[in-house]
Amino acid sequence: MAKEEKQTQEGMIPEDILQRWETRGVSRRDFMKFCSVMTATLALPVTMMSKIAEAVEGDNRPPVLWMEFQGCTGDSEAFLRANQPTATELILDYLSIDYHETIMAAAGHQAEAAKRQTMEKYKGKYIAIVEGAIPTAEGGIYCTVGGDSALNIAREVCGNAAATIAVGSCASFGGIPAAAPNPTGAISVSEAVPGATVMNLPGCPLNATNLTAAIVHFLTFGRLPATDSLGRPKFAYGKRIHDNCERRAHFDAGQYAEAFGDAGHRQGWCLYKLGCKGPETFHNCPTVRYNEGTSWPVQSGHGCIGCSEPQFWDTMSPFYKRLPNVPGFGVEATADKIGLGIAAATAVAFGAHGVASALRKGDDMESDQVIKED
Amino acid sequence: MAKKIAVDPITRIEGHLRIEAQIEGGRIQNAWSSSTAFRGIETILKGRDPRDAHHFTQRFCGVCTTVHSMASIRAVEDALKIKIPDNARLIRNLIMGIQNVQDHVIHFYHLHALDWVDIVSALSADPKKTAQLAQSISDWPMSSVKYFKGIQDRVKAFVGTGRLGPFANAYWGHSAYKLPAEANLMAVAHYLEALEWQKDVIKIHAILGSKNPHPQTFLVGGMAIPVDPDSQNALNADKIALIGKLLKKARRFVEQVYIPDLLAVASFYKDWAGIGGGVGNYLSYGDFPMDNSGGTDNLYFQRGVIMGKDLANVLEMDEKKITESVTNSWYSYSGGDDKGKHPYDGETTPNYTGPKPPYEFLDTDGKYSWVKSPRYMDQPMEVGPLARVLVAYASGNEDAKAIVGHVLKTLGVGPAALFSTLGRTAARGIDCLMLAQKNELWLNQLADNMGRGILEVHNAEKWDPSTWPKEAQGFGYHEAPRGALGHWVRIENGAIANFQAVVPSTWNAGPRDAAGQMGPYESALIGTPIANEEQPLEILRTIHSFDPCLACAVHLFDGRGNEIIKVRAL
């Protein structure tokens with residue numbers, strides 16, 4: 001059965017493509033696996049594998065200019081942990097990363113020249129990736145590169161790109177520099193460059209798997225994947241963490257960890273009472289996880305802090321305080337239906353059943369109460 | 001005639017750094033280090049729950065991830081007098097240990113190597129001779145002729161596309177590159193191997209703390225990862241075994257690839273043992289507690305201060321002697337800019353006086369950086385693996401003595417060679433090896449605790465803010481990969497009243513102080529030979545030897561508005 005499946009998949013990718021990848025040091029098994037993972041991550045029919053294979057074939061590697069502004073390089077580090085494909089493959093085989101301050105060999109004006117060459121030669125065709133927020137206060141003095149402001153650079157680089165991918169919560173929504181009182185007037189990429197085509201991949205840091213999937217989608221179809229009203233691709237941000245959580249059964253059963261290290265905590269019970277923000281966070285952490293699927297916060301015993309939501313530093317904190325309850329919504333709800341109410345801190349949501357189960361276990365933690373909904 | 005140049009951006013670092021240098025007669029006569037970005041996270045921290053601080057501070061930096069969580073957690077625990085369970089100490093040591101190991105390897109191969117290794121030259125190497133070279137210095141199995149031929153073909157195919165991506169426009173062919181083609185090819189192979197290795201070994205962070213970068217597992221009072229051999233949802237025998245496997249993988253790569261490569265490359269660049277010395281004062285907070293007393297007397301890396309390269313006298317470190325000055329930084333102090341302030345009393349009011357962007361040069365006669373100038377007893381101090389290793393070595397740390405001795409002997413140089421660009425790079429390897437060999441001990445101790453039924457990971461006695469004093473203040477230390485990291489917190493009425501971080505790159509990258517004393521980067525650049533002003537490769541060598549990390553280094557704190565409270569009030 002497994003063998004048949006392998007043959008079926010292999011048949012979908014032209015033999016000459018597989019051979020060429022082998023000469024480039026990528027085994028056919030690895031290449032097959034890559035195409036199949038990408039097909040699955042993007043929720044495409046398996047027949048699309050050949051199209052993906054063709055898209056990443058040959059030296060039509062798209063030029064990429066990766067700009068970092070008010071960031072912490074955490075998204076670049078996440079990128080280096082990519083697995084399908086690996087960072088090595090992305091750097092050598094899939095993309096032409098013509099500017100990325102953390103990894104590029106050139107420095108100073110030679111680095112700036114490399115960026116300019118790509119912008120001129122591939123005007124309107126390259127991909128811009130932005131990490132970090134963009135400070136706007138006092139004429140952009142809070143972040144300069146090569147003597148120019150982040151704002152000027154972002155406008156020029158993103159304004160002339162085929163598409164811009166904002167990686168991480170800072171570039172997507174302003175992130176931590178924009179947390180109150182936002183000392184530097186930090187804004188997101190889409191706010192800084194209103195005319196640009198921007199896709200947001202929030203998360204602190206973003207999940208590398210979602211970035212590679214978005215890039216492959218772009219290579220395959222020549223456009224970015226469908227997004228929600230916050231500019232996030234639906235394939236990765238279409239569902240609440242709570243709805244796919246491996247501990248959901250414990251929530252439904254009213255089994256909660258009451259303290260870190262207690263018996264319930266050690267047995268993997270629900271972390272809601274320890275402050276988990278999974279019920280109001282849209283992200284695919286529970287299914288994709290991090291570091292090649294090794295783990296994710298809830299699996300490791302710490303609640304979600306809502307790091308992929310706009311203004312989460314302000315709306316989701318204090319992080320160890322349990323979510324207050326407001327009229328609920330069901331599993332079928334999406335971020336768009338809920339709208340920006342969450343960001344405005346009207347907060348959260350459980351189905352009536354969940355609320356009932358939360359009450360059943362009693363509630364002796366801090367001040368906020370779980371309010372039963374009628 | 002002196003010529004002034006600017007290198008901006010300094011690449012292959014974390015964050016935004018600019019170096020301006022004045023060159024005369026082929027040598028650097030004067031240098032200025034400037035950080036060109038600022039976020040203000042300490043301002044943002046004010047008024048928040050101290051138990052949340054580590055989530056915020058961890059975002060100081062995503063490269064040295066975990067380290068600011070560690071320091072701020074310790075600061076809050078110091079303030080509230082919280083003692084952590086032994087399992088938490090061991091898990092923290094493991095997280096910090098593998099962070100240092102992984103970070104140092106990435107630094108050597110991906111951030112620093114291209115200052116010494118000419119990739120283009122690797123194309124003309126003989127794979128057979130490369131295999132001979134590799135086998136002569138290490139037992140590492142990936143060393144066949146076929147293997148190196150494969151790497152060379154892959155690089156050739158890449159170069160053949162004419163699109164060099166991140167390797168374009170660099171200083172290839174520069175006269176300061178000295179490695180034979182075969183050594184270059186070997187290094188390129190290991191650059192690629194290290195890129196794969198780093199993502200594997202750091203899975204330890206995911207197992208213990210959910211993900212990397214930015215693990216989510218630290219807690220004031222302990223750790224959030226449960227420990228229970230009888231649960232599939234906790235750290236159990238299975239996961240201990242997996243961590244053990246990854247630690248072994250980490251150690252083998254360091255022992256068989258990184259250290260042999262470091263020594264081989266260094267042997268061609270011994271002249272750099274006489275360049276880039278810098279301020280000659282070294283500070284280490286010490287770290288990796290060997291028992292759970294909560295004190296600092298039994299740390300694997302000792303705490304101490306060395307002044308004026310005097311290895312015979314390790315002075316006691318006292319955090320009260322630390323001040324930060326803003327004479328040449330874009331801030332102003334209420335009591336005047338000429339006098340330093342201790343971090344507990346620190347204040348930072350931005351006062352940008354630099355040119356309006358876009359600009360050609362900074363006004364280096366006035367304020368010229370977003371980094372402040374920390375001083376210890378009014379002296380500039382170098383921090384980092386070199387300081388850590390020197391303090392340990394001079395304090396009689398047996399492991400440090402043995403490994404430093406081996407490195408010096410192999411290179412045929414004396415201890416004075418350590419005070420240099422090359423010494424800094426070598427010390428990072430020594431530091432890495434010491435921790436790579438120590439990590440397994442802490443894992444074994446953790447397994448031993450588990451076997452004896454000791455499962456506690458978190459001390460919740462003071463979790464509830466109602467148990468806290470009305471006012472408290474604490475100092476949190478950590479020896480991060482890049483060196484001495486300190487967080488100072490003041491808590492009032494259950495909220496953060498003040499937060500200040502003095503991080504490794506603040507110490508190293510800071511500008512001149514009120515007395516005109518240069519910071520370590522600036523000082524280390526003086527006298528550096530520059531063969532070609534258009535291609536200042538030598539500046540990169542010395543600056544990279546410090547492993548700059550600028551996002552951490554810039555901060556600010558003063559009052560913040562009430563918006564958050566309104567937002568939270570619901």
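**Exercise 1. Classify Cys72(A) by accessibility, then find how many disulfides the structure holds.**

*Solution.* Start with Cys72(A). Its relative accessibility is 9%. Buried means under 20% relative accessible area, exposed over 50%, and partly exposed in between (1.4 Å probe, protein chains only). Cys72(A) therefore counts as buried.

The model is predicted: local features need pLDDT of at least 70, side-chain atom pairs count only at pLDDT 80 or more, and totals for chains, interfaces and linings use all residues. Residues are numbered from 1 along each chain as its sequence is written, chains are lettered from A and ligands numbered from 1 in the order in which they are written, and side-chain values use heavy atoms, with hydrogens and water left out.

Next, the bond. A disulfide is a covalent bond between the sulfur atoms of two cysteines. The test here is a pair of cysteine sulfur atoms within 2.5 Å. For Cys72(A), the closest cysteine sulfur belongs to Cys204(A), 6.2 Å away, so the two are too far apart for a bond. Cys245(A) is in no disulfide either: the nearest cysteine sulfur, that of Cys276(A), is 6.4 Å away. Cys245(A) is buried, at 15% relative accessible area. Over all chains, the search finds 0 disulfides.

**Exercise 2. Count the aromatic pairs, then work through Tyr320(A) and Trp463(B).**

*Solution.* Rings of Phe, Tyr and Trp (its six-membered ring) pair if their centres lie within 6.5 Å; planes under 30 degrees apart count as stacked, over 60 as edge-to-face and the rest as tilted. The count is 39 aromatic pairs over all chains.

Take Tyr320(A) and Trp463(B). Their ring centres are 5.0 Å apart and their planes stand at 80 degrees, so the pair is edge-to-face. Tyr320(A) sits in the loop between helix H17 (312-315) and strand E10 (325-326) of chain A, and Trp463(B) in the loop between helix H13 (421-451) and strand E14 (471-480) of chain B, so the pair joins two chains. Tyr320(A) is buried, at 4% relative accessibility. Trp463(B) is buried too, at 13%.

One aromatic cluster is formed by Tyr142(A), Phe38(B), Trp330(B), Tyr331(B), Tyr352(B) and Trp370(B).

**Exercise 3. Find the charges that sit over rings at Tyr99(A) and Phe546(B).**

*Solution.* The rule: NZ of Lys or CZ of Arg is within 6 Å of the ring centre and within 35 degrees of the ring normal. Over Tyr99(A) sits the charged end of Lys115(A), 5.2 Å from the ring centre. Over the face of Phe546(B) lies Arg424(B), at 3.8 Å.

**Exercise 4. Locate the backbone features at Pro85(A), Pro318(A), Glu138(A) and Lys81(B).**

*Solution.* Begin with the cis peptide bonds.

- Gln84(A) and Pro85(A) are joined by one, with omega about -5 degrees. Pro85(A) lies in the loop between helix H5 (74-80) and helix H6 (87-94) of chain A.
- Ser317(A) and Pro318(A) are joined by one, with omega about 0 degrees. Pro318(A) is in the loop between H17 and E10 of chain A.

Now positive phi.

- Glu138(A), not a glycine, has phi near 50 degrees. Glu138(A) is in the loop between strand E4 (134-135) and strand E5 (144-145) of chain A. At 52% relative accessible area, Glu138(A) is exposed.
- Lys81(B), also not a glycine, has phi of about 55 degrees. Lys81(B) is in the loop between helix H3 (67-80) and helix H4 (86-112) of chain B. At 61%, Lys81(B) is exposed.

How values were computed: Helix = DSSP H or I, 4+ residues; strand = E, 2+ residues; numbered from the N terminus.
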